[in-house]
Amino acid sequence: MPQRSLNERVTPLVVDGKSYREAFRAFLAGTDEKDVTHAYLTDVVRRLPTRRTFLDVGAADGTTTKHLSPFFEKTLCVEPGEHMYELLRRNCPDAVILREPVLEAQVQTPVDLALLSHVLYYLPRKQWTPALLRILSWVRPGGELLVALQNPANACMRMVRHFTGARFDLAGLAEELAATASPLVGAARLETLPVHYHGGSLEEAVAVAEFHLSVPAPGAAEALPTRRELSAYVRRHFTDPAGGFTMPHDQDMLHIRRPEAAHHQP
């Protein structure tokens, strides 16, 4: 990690930038998120009625895509980021990759499972429902859309809210979708997975905290703390009595089933 002055104010990390990639790697190295969520997703996939096509919206580097692809005959991805696209192409060479953002992408093949994992941070709140309805239009009747986001009450999101005021909540989104009375929206349920990050050094833990503070919330950049203030917060809230630093960052999983097609009597 590059050395920075403690009096320097934290700045949002650019998704395709080197500092973001370094902080993201540090986060992945210390979290059990992938192990927990991959086991969970495997169980979800095995319970699907059909497994022809999988769609990963915001597939990033393709780590999760690569894990789930073998369960399906075909894999589609939506990934507009240039750096992530190159990693995704190498990790999932057989996937069809669409480069447009979700509200511009055109998916012609009905999918059995669509995954939208940790993408909604990067969409304005008013676009959440239109984005999900668009994705549901690509899901075949009886298929499922799964949306992943950090639980708003977990320790990392409390830190984000403390410094920026930003709050991301899938529970409210589920209610909003139901209120649309769209025929695309069927049964919905919200589940929470307990996951944790653990790091050995304060420097690394602060870099991971900075990564979480990079959510593009309105006015967030102006509210971000100095590295000294962020270090003090990490020491106070994330010091593990057993050693190092532990950050709980439980994940919410919102399942939305598209209703089966109605059968009309002749």
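The legends below describe close-up views of a predicted model.

**View 1. Strand S1 and its covered residues.**
Strand S1 spans residues 53-57 and is mostly covered, with 5 of its 5 residues buried. Thr53, Leu55 and Val57 point one way from the strand, while Phe54 and Asp56 point the other way. In a regular strand the side chains alternate between the two faces of the sheet.

**View 2. Pairing of S1 with S2 and the crossover between them.**
S1 and S2 pair in the parallel sense, and 5 bridges link them. Within this pairing, Asp56 stands opposite Cys77 of S2. From S1 the chain passes through H3 to reach S2, and this β-α-β crossover is right-handed.

**View 3. Pairing of S1 with S4.**
S1 also runs parallel to strand S4 (residues 111-117), to which 4 bridges join it. Leu55 has Ala114 as its bridge partner in S4.

Ser69 sits in the loop between H3 and S2. Is Ser69 buried or exposed? Its relative accessible area is 16%, and because the cut-off for buried is under 20%, Ser69 counts as buried. A polar atom of the Ser69 side chain lies 2.7 Å from the backbone oxygen of Thr65.

**View 4. The buried face of helix H4.**
Helix H4 covers residues 82-91, and its buried residues are Met84, Tyr85 and Leu88. Seen down the axis of H4, these residues fall within an arc of 105°, so they line one face of the helix. An α-helix has 3.6 residues a turn, so residues three or four places apart point the same way. The elements that cover the buried residues of H4 include helix H1 (18-30), helix H3 (63-68), strand S2 (74-78) and strand S3 (96-98).

**View 5. The largest nonpolar core, around Leu116.**
The largest nonpolar core has 62 residues. Leu55, Leu116, Leu120, Leu132, Leu145 and Val234 are the residues with the most contacts inside this core. With neighbours within four places in sequence left aside, Leu116 is in contact with Val57, Leu132, Ile135, Leu145, Leu146, Val147 and Ala148. A second, separate core has 14 residues, among them Tyr40, Phe54, Leu146 and Met253. In soluble globular proteins, nonpolar side chains tend to be buried together.

How values were computed: Residues numbered from 1 in each chain as written. Predicted model: local features only at pLDDT ≥ 70, side-chain atom pairs only at ≥ 80, totals over all residues. Heavy atoms only, no water. Buried < 20%, exposed > 50% of the residue type's maximum accessible area, 1.4 Å probe, protein only. Helix = DSSP H or I, 4+ residues; strand = E, 2+ residues; numbered from the N terminus. Arc of directions from axis to C-beta. Contact = heavy atoms within 4.5 Å. Pairing = 2+ DSSP bridges. Right-handed = clockwise from strand over helix to strand, strands pointing away. Polar contact = N/O pair within 3.5 Å; in protein donor to acceptor, adjacent residues only side chain to side chain. Core = buried A, V, L, I, M, F, W, Y, C linked by side-chain atoms within 4.5 Å.
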